[in-house]
Amino acid sequence: MSSETAAAQNLASCHVCCKLAPARYARCPRCGAALHLRKPASLQRTLALLVTACILYIPANLYPIMYTDQLGTTEVSTIIGGVVLLIELGSVPVALVIFLFSVIVPSAKLMVLFYLVWTVENRSILNPRQRSRLYHITEFIGKWSMTDVFVVAILVALVHLGGLLVIRPGIAALSFAGLVIITMLAAESFDPRLLWDARDTRNRDN
Amino acid sequence: MSADIACPACDLLLKIGHLEHGQHAECPRCGCFLTRYRQDADQSVLAFAGTALLLLLLANSDSFLALSAGGLESEIRLWQTPGTLWDYDMPMVALLVTAFIIAIPAAILSLIIVLTLALQRKRYRPWLVMAARTVFLARNWAMVEVFIIGVIVSLVKIASMATVILGLSFWAYAAFSVCFTLAISHLDRYQCWQRIEALAET
């Protein structure tokens, strides 16, 4: 199989509409988006967003995501606390869903993106197909982490029964929403074609 | 080889060629999905997107969820859900939630309806490019199906403290999420841009 890339032929593939055009064009002739061989400063942008996400990760997990006022007593719950509460309520499957989307997915996403940036920096030629798949999974699963923010929005709106039972939002809801959005942007600014470039240039030189 | 496209995920030059109804193309090197051809794609997009828009209206016009405990009751409409966050001094989260579950999905649906109508009738419009760019950019930011999971988790969390009643709007939103997903999945990025280009040239 001949594996000739667009970049090797000096063709840029538009990242908005996938049109192939000579790389010297400033704008895509079909959709007018700025044309580049690769997303500009992809690694720097991804790293900057990843560091931001790591900082947001701390308040998102330490501060309460919601308060439950029941008959004069206030119960504070963090993200992890919410998972524990669900297990105590006996709903293990739902607890697993929240644990997966709110704890595993955000941290796994950060680690995967750091790893991918690191492999590109080191011009790794190992298993680009697997790394590419890892990237696509990361990109696809990102928005599911928003579940916990929606849970807070719904509970806060629905549960305000006078002095009996009221649920209020905590500051971690904001940090967590920020964390999810920033990691989604980080995944979007990473250019998966970089995963293949080291191998492609090596094949060409030989 | 004169290539049609470079794989968006690995930059390999590819020729897609002719696809039969139901066939799809993926990159032989990295496995990235490229395009799927369906004869009836336009009709499906229009049908699902139209239905989804109507269901979204219905989802906002009746009780979404209701709660009762110890003689006290509360009821919410869908559009009121983020509103309470605003009252608790979290306008950013309120706006984001509204955008992800109502505003962005509604904008995408309206745009893909006008886009598909124009492509189907082969009429070139100067706004086609802008509409297509917006749709494919906004697609990742509609979180309709995530919200449904959020509702289910919330129900489990409060079921032990109070009685929850699912309103008509909840079912409308659930059906909306199905139609929305189907409408989006029938809109093919590669073919949409090919057709816009063909129209622009005539």
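Visitor: Which residue does Asp69(A) stand opposite in S4(A)?
Guide: That's Thr74(A). Bear in mind this is a predicted model: local features need pLDDT of at least 70, side-chain atom pairs count only at pLDDT 80 or more, and totals for chains, interfaces and linings use all residues. Residues are numbered from 1 along each chain as its sequence is written, while chains are lettered from A and ligands numbered from 1 in the order in which they are written.

Visitor: And over how many bridges do S3 and S4(A) pair?
Guide: Strand S3 of chain A, residues 66-70, and S4(A) pair over 5 bridges, in the antiparallel sense. Strands (E, at least two residues) and helices (H or I, at least four) are DSSP runs, numbered from the N terminus, and two strands pair if DSSP finds at least two bridges between them.

Visitor: What's the order of the open sheet?
Guide: S4-S3-S6-S5 in chain A, 4 strands with antiparallel pairing. The edge strands, each pairing on one side only, are S4 (73-77) and S5 (160-161) of chain A.

Visitor: Switching to helices: at what angle do H1 and H3 of chain A cross?
Guide: Roughly 150°, and the axes of H1(A) (residues 42-62) and H3(A) (residues 92-121) come within 10 Å. Axes are lines fitted to C-alpha atoms, for helices over the stretch in contact, and angles run from 0 to 180 degrees between N-to-C directions. So H1(A) is roughly antiparallel to H3(A), a label for angles over 145 degrees.

Visitor: Which residues make that contact?
Guide: Among them are Leu43(A), Leu47(A) and Leu50(A) of H1(A), and Leu110(A), Phe114(A) and Val117(A) of H3(A). Residues are in contact if their C-beta atoms, placed from the backbone, lie within 7 Å. The contact divides into 10 nonpolar, 1 polar and 1 charged; Ala, Val, Leu, Ile, Met, Phe, Trp, Tyr, Cys and Pro count as nonpolar, Asp, Glu, Lys and Arg as charged, and the others, Gly among them, as polar.

Visitor: Over in chain B, how far apart are the axes of H4(B) and H7(B)?
Guide: They're 11 Å apart, and the helices pack at about 170°. That makes H4(B) roughly antiparallel to H7(B). Phe136(B) of H4(B) and Trp193(B) of H7(B) are among the contact residues.

Visitor: How many residues does each chain bring to the contact between A and B?
Guide: Chain B brings 53 residues and chain A brings 54.

Visitor: What gives the most on the chain B side?
Guide: H5(B), with 10 residues. By class, the side of chain B that touches chain A has 38 nonpolar, 10 polar and 5 charged residues.

Note on methods
Contact = placed C-beta atoms within 7 Å. Parallel < 35°, antiparallel > 145°, perpendicular 65-115°, else oblique.
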